[in-house]
Amino acid sequence: MPVPHLYIFPISHYCEKARWALDYLGIDYELHCVAPGVHGDLAKKLGANGTSLPILVSGDQVIQGSGQIIEWAESLSDNGRSLIPISSPSISDIEHRLNEVLGVHVRRMYYSEALIECPETVLPIFMEYLPAEEAQFVSEAWEVITAAMVERMDLGMDQRQESRQIVMEHLDWLDALLADGDGYIAGDAFSSIDISASALLAPLAMPQEHPTYGGLQVPPRMTEDIANWKHRPVTNYVAEMYRLHRKG
């Protein structure tokens, strides 16, 4: 099998899901960090159905979306590991809430402050991993890029408060799921559910094992929330998942 190519935004917690799963399952790949503003054209060129990242290309296969990439990696892994969660009627509901609700509102909560009040804190992490020509493009077009992101993600201070409330409700929900003491969300073994929860909450836990967040400048309100939530069971859980399982 040719070495797959994985296309990501380094800051994206959804892209981190796919990257973590590939590393954990022992799938070699070539990483490509993509400039915002050109990712749509790239996705079209690669043959993807939509414009969102991550996208993985392996030979003539184009796999788009973190969940689909995890399923693909699971089918090929031969390192003795698995991310298949223990069968339960609630697994699909948990995955849905993590991916379609919690992850979306963590992102909107962060960007509503960062892109509107201090967009200069976001620019470096988009530029750091790009080739020089693409980094220059992002720097020169940053004002246009941020305006497009603000519109597309429906960002603003009211939106931040709305998303923050939804995030807090989901932190309570996850604290309750972790209350049985097993240490994992779905049973007593590490699974794709744990990768989803941990990667999507990484912006609130800022684990040192995260491959790119070490260079992320967190804006003031987000910094305060991180400090206030750092001792919650779910935040400690995220830190522990990264410590135990993120090094490949």
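Met206 sits in the loop between H9 and helix H10 (220–229). Helices (H or I, at least four residues) and strands (E, at least two) are DSSP runs, numbered from the N terminus. The model is predicted: local features need pLDDT of at least 70, side-chain atom pairs count only at pLDDT 80 or more, and totals for chains, interfaces and linings use all residues. Residues are numbered from 1 along each chain as its sequence is written, and side-chain values use heavy atoms, with hydrogens and water left out.

The phi of Met206 is near 50°, a positive value in a residue other than glycine. Most residues other than glycine have a negative phi, and most peptide bonds are trans. Met206 has 24% relative accessibility, so it counts as partly exposed. Buried means under 20% relative accessible area, exposed means over 50%, and partly exposed lies in between (1.4 Å probe, protein chains only).

Asp154 also has a positive phi, near 55°. Its place is the loop between helix H7 (142–152) and H8. At 40% relative accessibility, Asp154 is partly exposed.

Leu53 and Pro54 are joined by a cis peptide bond, with omega about 15°. Pro54 lies in the loop between helix H2 (39–46) and S3.

Strand S3 (residues 55–58) holds Ser58. Ser58 has a relative accessible area of 5%, so it is buried. Leaving aside neighbours within four places in sequence, Ser58 is in contact (heavy atoms within 4.5 Å) with Met1, Pro2, Pro4 and Trp72.

## H4 against H9

Two packed helices are described by the angle between their axes and the distance between the axes. Here, axes are lines fitted to C-alpha atoms, for helices over the stretch in contact, and angles run from 0 to 180 degrees between N-to-C directions. The axes of H4 (residues 91–117) and H9 (residues 192–205) come within 9 Å and cross at roughly 15°. H4 and H9 are therefore roughly parallel. Angles under 35 degrees count as roughly parallel, over 145 as roughly antiparallel, 65 to 115 as roughly perpendicular and the rest as oblique.

The H4 side of the contact includes Ile94, Leu98 and Val106, and the H9 side includes Ile193, Ala197 and Leu200. By class, this contact has 12 nonpolar, four polar and one charged residues. Ala, Val, Leu, Ile, Met, Phe, Trp, Tyr, Cys and Pro count as nonpolar, Asp, Glu, Lys and Arg as charged, and the others, Gly among them, as polar.

Ile116 lies in H4. With a relative accessible area of 39%, Ile116 is partly exposed. Beyond neighbours within four places in sequence, Ile116 touches Tyr111, Val150, Leu155 and Gly156.

Ser191 belongs to the loop between helix H8 (157–177) and H9. At 1% relative accessibility, Ser191 is buried. Its contacts, leaving aside neighbours within four places in sequence, are Leu83, Ile84, Pro85 and Ala186.

## H1 against H3

The axes of H1 (residues 13–24) and H3 (residues 66–76) come within 8 Å and cross at roughly 5°. H1 and H3 are therefore roughly parallel to each other. In the contact, Tyr14, Lys17, Ala18, Ala21 and Leu22 of H1 meet Ser66, Gly67, Ile69, Ile70, Trp72 and Ala73 of H3. The classes are eight nonpolar, two polar and one charged residues.
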